[in-house]
Amino acid sequence: MYKRQRQDLEPLPAWTSAVVGVNGEFLDSVGTDLSLFVFETGDVAGRLEVEIDFDITERLSLQPAFDLDVAISGSEDRVTETGIIVTDMGLRLIYEVNHRVSYYAGVAFERNWDATRRSAEVFGREIENAYFQIGCKLSY
């Protein structure tokens, strides 16, 4: 179990939350991360992340991933209602240099739901979005 604090800088005003979560791995290839966010306004949200690693070679793997954000209590300030906020599905190709450093490239698709979708429409933001990912993962 882990605890951390998160500070979102945009959109303004900033939203601060305390986070309590549990993460783990089972069957040596399925990673899960379950987080509970408690915002300074008293609102509560949750996030479930699931990643599955399919080894291609000893260092190269393919990783489909799914994220689900849920509002447990709604907020007018954050323009959310209870229910699903955002889903995110993606696919990454990962090259592991060693157990501490790996590089990845992939593609993901994000979709806003319910009030978050209506909020995006009002403010002229995209409701559905596909994007490329490229990065480096450092572990300790």
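Me: Which residue in β6 is the bridge partner of G46?
Reply: The bridge partner of G46 in β6 is V70. This is a predicted model, in which local features need pLDDT of at least 70, side-chain atom pairs count only at pLDDT 80 or more, and totals for chains, interfaces and linings use all residues. Residues are numbered from 1 along each chain as its sequence is written, and side-chain values use heavy atoms, with hydrogens and water left out.

Me: How many bridges join β4 to β6?
Reply: Seven bridges join β4 to strand β6, which covers residues 60-71, and the two run antiparallel. Strands here are DSSP runs (E, at least two residues), numbered from the N terminus, while helices are runs of H or I with at least four residues. Two strands pair if DSSP finds at least two bridges between them.

Me: And which strand pairs with β4 over nine bridges?
Reply: That is strand β3 (residues 30-39), which pairs with strand β4 (residues 44-52) in the antiparallel sense. Within this pairing, T32 stands opposite V50 in β4.

Me: What do β3 and β4 form?
Reply: They form a hairpin with four residues between them. In the turn, G42 has a positive phi of about 95°.

Me: Which residues other than glycine have a positive phi?
Reply: L27 has a phi near 60°, and D28 also has a phi near 60°. L27 is found in the loop between β2 (15-26) and β3, and D28 has its place in the loop between β2 and β3.

Me: Are L27 and D28 buried or exposed?
Reply: L27 is exposed, because its relative accessible area is 70%. D28 likewise counts as exposed, at 73% relative accessibility. The terms work as follows: buried means under 20% relative accessible area, exposed means over 50%, and partly exposed lies in between (1.4 Å probe, protein chains only).

Me: What about F39, buried or exposed?
Reply: F39 has a relative accessible area of 10%, so this residue is buried. F39 lies in strand β3. The C-alpha atoms of F39 and T16 are separated by 5.8 Å, with the two residues 23 apart along the chain.

Me: Changing topic: how many salt bridges are there?
Reply: The count comes to three salt bridges. A salt bridge is a side-chain nitrogen of Lys or Arg within 4 Å of a carboxyl oxygen of Asp or Glu.

Me: Which residue forms one with D69?
Reply: D69 forms a salt bridge with R47, and the closest N and O atoms are 2.8 Å apart. The pair links distant parts of the chain, with D69 in strand β6 and R47 in strand β4, 22 residues apart. The side chains of D69 and R47 also make a polar contact at 2.8 Å. A polar contact is a pair of N or O atoms within 3.5 Å; within protein, one must be able to donate a hydrogen and the other to accept it, and residues adjacent in sequence count only if both atoms are side-chain atoms.

Me: Why does D69 count as buried?
Reply: D69 counts as buried because its relative accessibility is 18%. R47 counts as buried too, at 17% relative accessibility.

Me: What else is D69 in contact with?
Reply: Leaving aside neighbours within four places in sequence, the contacts of D69 include G46, G83, I84, I85 and V86. Contact means heavy atoms within 4.5 Å.

Me: Where is the salt bridge of R92?
Reply: R92 forms a salt bridge with E51, the closest N and O atoms being 3.9 Å apart. R92 is in strand β7 and E51 in strand β4, 41 residues apart, and this pair links distant parts of the chain. R92 counts as partly exposed at 21% relative accessibility, and E51 is partly exposed with a relative accessible area of 25%.

Me: And which residue meets E128 in a salt bridge?
Reply: The side chains of E128 and R111 meet in a salt bridge, at 3.3 Å from N to O. E128 is in strand β9 (residues 128-138) and R111 in strand β8 (residues 101-112), 17 residues apart. E128 counts as partly exposed at 37% relative accessibility, as does R111 at 23%.
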